[in-house]
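Hi everyone, thanks for coming along. Please have a look at the structure with me while I talk.

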Amino acid sequence: MKKIIPLLSVVLLLISCSNTDDEMIAIDNPEIALNIPTGFPEPNEFVRFNKPTKYGVELGEKLFSDKRFSADNTISCSSCHIQENAFTDGKAQGIGIEGRIGLRNTPSIQNLMFMKFYNWDGSKLQLENQPLVPIITHEEMDSSILDVIGKIQNDASYADLFKKAFGDAAITPERIYKSIAQFEYSLVSANSKYDKVKRKEGESFTAGEAKGFEIFQQKCASCHSTELFTDQSFRNIGFPLNTNSNEAGRARVTGITADYMSFRVPTLRNIEYTAPYGSFGQFPTLKAVLDYFDNGVLEAENLDPIFKNNGSSIPLTEEEKNNLIAFMKTLSDTAFVKQ
Amino acid sequence: MQNFKKYFIAATAAFAFVSCSNDDQNAVSNNLTLEFNNTFKNTTIVLGDAASASATANTSAAGQVHHFSELKYVISNIRLVKEDGSEVPYNVNDLDKGAAVIDQSKTASLSYVLTNVPSASYKLIKFGLGIKPEQNTLDQVRFPKFYAAAGANDTQMMWEWGSGYRFTKVEGFYDTDNKAMSIHTGSTVEGTAGAYTQGVNAYRDITLNLTTNAVVGSSAPKIKIKADFDKMLSGKINTITLSTGTGMNDNATPNVHTAAQMVKFVDNLGGNGTNDISGMFSVTAVEN
């Protein structure tokens, strides 16, 4: 027994030595503090399994703008999700490699950490499950995750970042999905004029903005509610229909007839920057959207009760429309879009 | 003593016999082939484009004539059931080794050979039309072969937006003016057990009695399975009329590319899992 102990100690020493070696090159990769803005909802329950770290976010940002994600190396995530436009592209429908036109309008990327559903139809509940979709979709990047890894695995700058973010240089699909999600979680927009007025940081609404806020609360806030300016419900509000057979709105996922052509209520944050509007960019301007509500929307069996019970329209005077638009522009976060 | 000798000889002979038959079966596993015959009723389907004169035409219960230009489906989760009721799973957790795309345009795909099937007498076969939710994730790392086969340009058995495989893909034409029809099925299930989940599970478990037992051992049997696509529109569960209305009840039924209106096709093809566990499938013969 006496002999065994020294022997064990030596073995343990050896083991701890090799551990120490690892730790010597282990990198300090602190979690980023999740600053939840006042009044925002709790983060999506999956965020706690993939908390953003300093290098995870940095890696995700680099991957986000890497064109090698597409089959012909022409399109990155940031080709359609352009920061200056609150991560949208200004086009009616997303455009992928070889000019292929996607099914829907590119959604903005902001405050995703707080969302329970992703995409127009809520097809994803967990952000880490989303990046694969554009990578493999024919009308987007038309590639595969192993093709992407094959292209970037000999890139020394990635080896360094994967090591910093995840402890070793291995590039795996899960690490790619996680780091992109971490980058997206870090994109929080809560510094608009509206926020500063609300937080009493010395700014105040103009008369028109204040009137617009009033109308907003009367006629819009039942759907565009909470500090996210969406209640995250799915509704058919009688917008012009996308006749592509791949489109069924929320029913595409649920198969439920009553969800047919229902779409997630979009956030109004940074709405000034995300034209055109609607699930496939039906409206070029905010004024066009408001005119449409005023003139009356399409009838449908499952038209949202708010429209069904109010003559299928939201009556608005021209002055009200102008004030509403003035208010919506107070939701622009100039620092967020770097304009 | 004489008696003892007799018994001894008899016993030895019996042992020899047992070991003989053991030799044949015990050490041996063998192949078992599933041969799929895709039909309209009893006629094997010939594919063809809109104006094709050779394509097999079928008329639905609702009176709509139709024919197909493309016909594919995925089978997985194959299990064989022995005479005593015990189940022998065949690579059920490995899509690369245990799942296949059956493609009417590729003759080789119509015969799916199961290898190293343990020697036994089997009375029943079970398999899935489609892929169970837990495996339906387009995991290229885990199942590279099946991913490549399903994603090939001439196969296109993926629902990219749903991060899952297509389970059936039928392209064709209907009515006398040959309007295009396009029926795709697949699962849209999302979420984790215990938490919020959403979507439609389009996987269907099929159970088929064999006409006679398939005896795997010295021989490699063949099970002939008929997939009667007449059932797609004229099924045990639903009688479907294709119509191009835009209302939410008749939404795009000739063009099913989403979960909307999909389940009635799924149930006709693969049963509803309760009172219909065979859908369009039946076993027509077993060749031992």
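First, some ground rules. This is a predicted model, where local features need pLDDT of at least 70 and side-chain atom pairs count only at pLDDT 80 or more, while totals for chains, interfaces and linings use all residues. Residues are numbered from 1 along each chain as its sequence is written, chains are lettered from A and ligands numbered from 1 in the order in which they are written, and side-chain values use heavy atoms, with hydrogens and water left out.

Now the domains. In chain A, UniProt's unreviewed entry puts "domain: Cytochrome c" at residues 55-156 and 207-332. Positions there follow the numbering used here, feature names are shortened, and annotations may be inferred rather than shown by experiment. Residues 55-156 of chain A are 27% helix and 0% strand, and residues 207-332 of chain A are 34% helix and 3% strand. Helices here are DSSP runs (H or I, at least four residues), as are strands (E, at least two), numbered from the N terminus. For chain B, an unreviewed UniProt entry lists "domain: Copper-binding protein MbnP-like" at residues 30-242, a span that is 8% helix and 49% strand.

Next, the helix pair. Which residues of H2(A) meet H6(A)? Among them are Tyr55(A), Leu59(A) and Leu63(A), and on the H6(A) side the list includes Leu161(A) and Phe166(A); contact means heavy atoms within 4.5 Å.

On to the interface. Chain A contributes 31 residues and chain B 29 residues to the contact. How many salt bridges does the rule find across it? The answer is one, with Lys124(A) and Glu190(B) as partners and 3.6 Å between their closest N and O atoms. The rule asks for a side-chain nitrogen of Lys or Arg within 4 Å of a carboxyl oxygen of Asp or Glu.

Last, the backbone. Most residues other than glycine have a negative phi, and most peptide bonds are trans. Asn111(A), not a glycine, has a positive phi of about 55°, and sits in the loop between helix H3 (77-80) and helix H4 (132-136) of chain A. Ala275(A) and Pro276(A) are joined by a cis peptide bond, with omega about -5°. Pro276(A) belongs to the loop between strand S2 (263-264) and helix H11 (286-295) of chain A.
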